[in-house]
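Trainee: Could you take me through one part of this model in some detail? I would like to look at a charged pair and the strands around that pair.

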Amino acid sequence: MSDKAVRYRTSRLSKPGRIYLDILNTKIEKNLTAGEIEFADPLRQYVKIRRSGKRTRLVLGLNTAVSERVIRLKNPPGLLVNIQKRRPQFLPHGSIYDTL
């Protein structure tokens, strides 16, 4: 990477649950060009990395519902992906909601 800010886009995929980051205009080290790293972790199951054109895709396979936050690092430029278990949503006492 150069000294420029890291450009990326992120989204979610379902069945199975995944989060992906497309990191734009990047090159990855040869030893990371393709593959999957598995985890014995309550939140994530695996991380995959792939290169396509000028984009590197990082996929996080999830074991449970999570919330994510991507933080840009400045010096050196990079990205930090913070995931944590999603907290249950509590309904206000006496409220009626349609569960469909």
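Mentor: Happy to! Let us start with E36, which is partly exposed at 41% relative accessibility; buried means under 20% relative accessible area, exposed over 50%, and partly exposed in between, with a 1.4 Å probe and protein chains only. Before going on, note that this is a predicted model, where local features need pLDDT of at least 70, side-chain atom pairs count only at pLDDT 80 or more, and totals for chains, interfaces and linings use all residues. Residues are numbered from 1 along each chain as its sequence is written, and side-chain values use heavy atoms, with hydrogens and water left out.

E36 forms a salt bridge with K48, with 3.7 Å between the closest N and O atoms; the term means a side-chain nitrogen of Lys or Arg within 4 Å of a carboxyl oxygen of Asp or Glu. E36 sits in strand β3 and K48 in strand β4, so the pair ties together parts 12 residues apart in sequence. Strands here are DSSP runs (E, at least two residues), numbered from the N terminus. K48 is partly exposed too, with a relative accessible area of 27%.

The two strands also pair directly: β3 and β4 (residues 44-52) run antiparallel over four bridges, where pairing requires that DSSP finds at least two bridges between strands.

Stepping back, both strands belong to an open, antiparallel sheet of five strands in the order β1-β2-β5-β4-β3. Its edge strands are β1 (8-13) and β3 (35-38), each pairing on one side only.
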